[in-house]
Amino acid sequence: MDFLYAILNGFVKNILTKPAFFIGFLVLIGYLLDGRKWYEALAGFIKATVGYMILSVGSGGLVKTFRPILTGLKDRFEISATVIDPYFGQNAVTEGMEHLGRSFSQVMLLLLIAFIVNIVLVRLKNITKMRAVFTTGHVQMQQAATAFWLIVFCFPTLGQTPILIIMAVLLGLYWAVGSNLTIEDTQKLTDGAGFCIAHQQMFGIRFACWLSEKLFKNHKENSKNLDDIELPGFLSIFNENMVATAILMTAFFGIIQLVLGKDYLVAQEALKVDDNFFFYILESSFSFAVNLAILQLGVRTFVGELTASFDGIQNKLLPGALPGIDCAAIFGFGSANAVTIGFMFGALGQFLAIATLFLIKSPTLIIAGFVPLFFDNAVLGVYSNNRGGYKAAFLIPFISGLVQVFGSAFIASYTGLAQYGGYLGMVDWATVWPLATIIMNNIGYIGVAIVAIVFIAIPQIQYRKNKEGYFLITEDYEAYKETINK
């Protein structure tokens, strides 16, 4: 039994929670099931793994450069506040559990059980109507930590095993239902690239696309997307994505760095005493464009392999299923400027909401974290621009920024996590999970059943709205487009 547990734990620790290798092995298995030669399957494994690593370098570079700049505001002005960021949230849960005398040592087992729940739900897709496998392991770890705290808050006297069972079921459902929600929108954005999103804003993506269409799609002038806009005169330099990104990030982060001051940044060892502050600002801001370009290269490298290989998995193991992958994968599609616009307007929404909390003397203040600021709002900007045009790309991320701050301030205060300085803070975890927590906290086990039933019902409702194309969109996208055109 110990031997079997060691194998399962090794799989979770070294593959399931390492998305680069997990994606690589999916490609390897897919090609082998599809009858490819072993060396072709091996080449696909290497290309997909390296491609995802390249994406991770770009994502990690963005986070490493800009997270300290934003969180520095908290330290510089000695503000007692909660940072909304998945890593700060995970650390806050760890510290909180120590104070409660609880342990999250079985997290690996939880992830495996929840992932199996996801696989079973997809395998039974004719009944469940769920078509997506959540493959983003590092995100699963972050979500498991936050969900653990929320469920312990609702059931403080419940034993470790019952809590893990509730979590495994609810997380497995959330992963399957949430990533399934993004299928239509992602297939339309990427013209049938063959993947969907498995991240922290899956419900947010569906809402953003729905609201964008409702508000703007039927108005021809309003539905122009960012690529349709040609700026006149000197403003034409903003038509070039790399230039626009570098200029906007210099203005945005330059202001924050000036507020922090050179002395503070020197104390944090971000730069040396004899370094030129102006060129430090330029270098750190321009690195945004550099890391974004690296990220997009990674997307182009692994997505093609994943799409081509997943046919084997669809045909032999999970018919009609799609892999759910990191939200950064869509930065290689749609309008390039939508990434920057989504980030900027999401930041405006967050800062306005933070100022509001300060003015009303909220018991919980929020510090903007880079991960929600970028990986939520830039993603929503791309989808909104695609479905509703440039005005949607301005409005939806702005609304998202407001929601991230107000929703996170509420749930972090409500559950007591604010006192430990962090909360996950991304769109779904500032809306869907706070609502689920309120229901479970007030109705108990009946509330757990209600949350599970709502999750189960969502794909059923999706299916009934589009019975003809629901499975076709994952099995044969070209045939799906013909059906829609008819």
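**Before selecting**

Residues are numbered from 1 along each chain as its sequence is written. Local features need pLDDT of at least 70 in this predicted model and side-chain atom pairs count only at pLDDT 80 or more, whereas totals for chains, interfaces and linings use all residues, and side-chain values use heavy atoms, with hydrogens and water left out.

**Stop 1: colour by confidence**

Colour the chain by pLDDT, the predictor's confidence in each residue, from 0 to 100. The protein chain has a mean pLDDT of 87, with 94% of its residues at 70 or more. Now select residues 2-16, helix 1, which has the lowest mean pLDDT among the elements of the chain, 71. Residues 432-443, helix 17, have the highest, 97. Where pLDDT is low, the predicted coordinates should not be read in detail. Element numbers on this tour follow DSSP runs counted from the N terminus: helices are H or I runs of at least four residues, and strands are E runs of at least two.

**Stop 2: the sheet 2-4-3**

Select strand 2 (132-134), strand 3 (196-197) and strand 4 (residues 322-325). These three strands form an open sheet in the order 2-4-3, with parallel pairing. Two strands pair if DSSP finds at least two bridges between them. Strands 2 and 3 are the edge strands, each pairing on one side only. Strand 2 pairs with strand 4 over three bridges, and strand 3 pairs with strand 4 over two.

Stay on Gly324 in strand 4. Phe134 stands opposite Gly324, and Gly324 is also the bridge partner of Cys196. Along strand 4, Leu322 and Gly324 point one way, and Pro323 and Ile325 the other. All four of these residues are buried, where buried means under 20% relative accessible area, exposed over 50% and partly exposed in between, computed with a 1.4 Å probe on protein chains only.

**Stop 3: two loops with positive phi**

Select Lys129, in the loop between helix 6 (125-128) and strand 2. Lys129 has a positive phi of about 65° although it is not a glycine. Is Lys129 buried or exposed? Lys129 is buried, at a relative accessible area of 10%.

Move to Asp191, in the loop between helix 9 and strand 3. Asp191 is another residue other than glycine with a positive phi, near 55°. Asp191 is partly exposed, with a relative accessible area of 45%.

**Stop 4**

**Stop 5: the largest pocket**

Helix 9 (183-190), helix 10 (202-217) and helix 18 (445-465) are the elements that give two or more residues to the lining. Helix 10 gives the largest share, five residues.

By class, the lining has nine nonpolar, two polar and seven charged residues. Here Ala, Val, Leu, Ile, Met, Phe, Trp, Tyr, Cys and Pro count as nonpolar, Asp, Glu, Lys and Arg as charged, and the others, Gly among them, as polar.

**Stop 6: helices and spans**

Select helix 14 (residues 337-359), with 23 residues. Helix 14 reaches 33 Å from its first C-alpha to its last, close to the expected 33 Å, the expected span being 1.5 Å times one less than the number of residues. Just after helix 14, Lys361 takes a positive phi of about 55°.

Next, select Leu260 in helix 11 (residues 241-260). Leu260 counts as buried, at 1% relative accessibility. Leu260 and Gly346 are 86 residues apart in sequence and 21 Å apart in space, C-alpha to C-alpha.

Finish at Tyr280 in helix 13 (residues 277-316). Tyr280 is buried at 15% relative accessibility. Between the C-alpha atoms of Tyr280 and Thr128, 152 residues apart along the chain, the separation is 53 Å.
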